[in-house]
Amino acid sequence: MRTLETKTQIAQTLMEGFALRTGITKGESGDPYRRYLWTDAFAVHSFFGLYQLTQEQKYQDYALKLIEEVHNKLGRFHPEDRRQGWISGLSEEEAKMHPTINGLRIGKSLRERRLDEPFDQQLEWERDGQYFHYNTRWIQALFQARQFTDEEQYDEWAAELCLAGDKFIDKTRKQNVRMYWKMSVDLSRPLVPSMGAHDPLEGLITLYTANERRPEMFEDRKDLFTNFNIMCQTNDWSTTDPLGLGGLLLNIIRAAELQRKRELPESVKPEALLQNVNDGLDMYMRNYQSDSPAFARLAFRECGLSLGLRTVWSHKETLENWGYNIEPLRKYMHVADEIEDFWSNPENQAADTWTSHLDINEVSLASSIIAASSVESFGMLEHH
């Protein structure tokens with residue numbers, strides 16, 4: 001078992017490597033076009049967390065530089081797209097002031113599928129577009145930036161990205177409101193019509209949070225609240241996917257903050273999410289083997305779970321003071337230790353499953369490590 005100090009050093013090394021490769025470090029020859037919205041969202045949290053842990057200003061600078069780079073690269077069309085400029089369609093000056101107003105690209109290596117190109121299920125995974133749950137993760141990163149810098153522009157950008165999410169809702173349905181899983185880069189058409197399992201949950205939580213911070217931007221959008229509430233009415237969010245379980249754990253904290261101020265749908269209340277998590281973890285553990293070989297595992301999915309466990313556990317006292325029973329998670333905390341230790345091993349990092357997803361794996365492992373000590377970087381958005 002590694003010491004906390006050693007783990008923090010590992011996280012620093014991982015995030016320094018990510019910053020170097022992706023052009024965040026000043027004066028280096030990294031590739032600033034190596035952007036991927038999901039990875040970058042967690043990297044923002046991690047850089048802020050390292051700043052909190054080390055008090056080294058460079059880490060906050062990295063976080064803010066990364067936000068700027070994401071908006072400048074993923075707020076514009078893919079380099080190989082026939083279209084150019086900002087996906088918002090705004091002028092250069094206006095677009096820089098409102099970089100998230102029409103969403104953000106995923107950052108896939110291939111441009112999005114054109115209207116005249118046939119659908120290929122495997123190829124679609126490599127094609128660009130917009131994912132709703134990637135946008136909600138970026139919204140959370142912008143909320144954290146506001147917390148660490150106290151600059152209101154981050155709340156405004158988060159709110160504008162929330163409003164762009166309305167275009168993911170299928171407006172052709174009179175009843176049984178649903179969402180599209182993947183949209184085109186300009187949000188004009190669906191690319192994959194099925195709905196992401198947790199998208200409505202993510203949508204409602206970020207919507208309510210953004211509304212609290214910038215209520216004037218949501219005054220005429222009751223329809224948006226209505227649709228997300230409808231989609232969250234009867235849902236069971238249970239899953240055995242470790243990354244999905246990690247996301248549910250993070251949402252427990254956000255739902256707990258919101259529940260103190262408003263009544264949430266039954267399925268979104270922290271008690272319900274805790275039950276979903278405990279049910280899912282119970283099933284996940286039936287097949288969990290800590291000594292499975294690296295070639296049969298995906299680090300970023302496992303580290304998503306350990307991140308969620310770390311984050312909720314670091315806020316255990318506050319959550320229990322609010323009346324939520326976190327104690328049942330204790331029996332799963334060894335899993336977070338085992339995941340972090342396994343993927344911190346250089347032998348396991350030599351596996352193709354690590355190297356072929358290097359950025360997201362390194363950031364996910366660093367995030368999990370940082371969350372154990374930097375309680376504000378992934379958890380509470382307000383000081384309690």
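Start by selecting S377: with a relative accessible area of 0%, S377 is buried (buried means under 20% relative accessible area, exposed over 50%, partly exposed in between, using a 1.4 Å probe and protein chains only). You'll find S377 in the segment after α17 (358–371); helices here are DSSP runs of H or I, at least four residues, numbered from the N terminus. Show the surroundings, and S377 touches H45, G49, Q144, F148 and I370, leaving out residues up to four places away in sequence (contact means heavy atoms within 4.5 Å).

A word on the ground rules. This is a predicted model, where local features need pLDDT of at least 70 and side-chain atom pairs count only at pLDDT 80 or more, while totals for chains, interfaces and linings use all residues. Residues are numbered from 1 along each chain as its sequence is written, and side-chain values use heavy atoms, with hydrogens and water left out.

Next, the aromatic rings. Rings of Phe, Tyr and Trp (its six-membered ring) pair if their centres lie within 6.5 Å; planes under 30 degrees apart count as stacked, over 60 as edge-to-face and the rest as tilted. How many aromatic pairs does this rule give? The count comes to 19.

Select W38 and Y134: the ring centres are 5.2 Å apart and the planes are at 40°, so this pair is tilted. W38 belongs to helix α2 (residues 37–54) and Y134 to helix α6 (residues 132–149), so the pair ties together parts that are 96 residues apart in sequence. Both W38 and Y134 are buried.

Now try Y154 and W157, whose ring centres are 5.6 Å apart with planes at 85°, so the pair is edge-to-face. Both residues lie in helix α7 (residues 153–164), three residues apart, about one turn of the helix. Y154 and W157 are both buried.

Two charges come next. K73 has its charged end over the ring of Y33, 5.0 Å from the centre, and R297 has its charged end over the ring of F342, 3.8 Å from the centre. The rule: NZ of Lys or CZ of Arg within 6 Å of the ring centre and within 35 degrees of the ring normal.

Last stop: T25, in the loop between α1 (4–21) and α2. T25 is buried, at a relative accessible area of 15%, and touches A19, L20 and Y62, again not counting residues up to four places away in sequence.

Key
Helix = DSSP H or I, 4+ residues; strand = E, 2+ residues; numbered from the N terminus.
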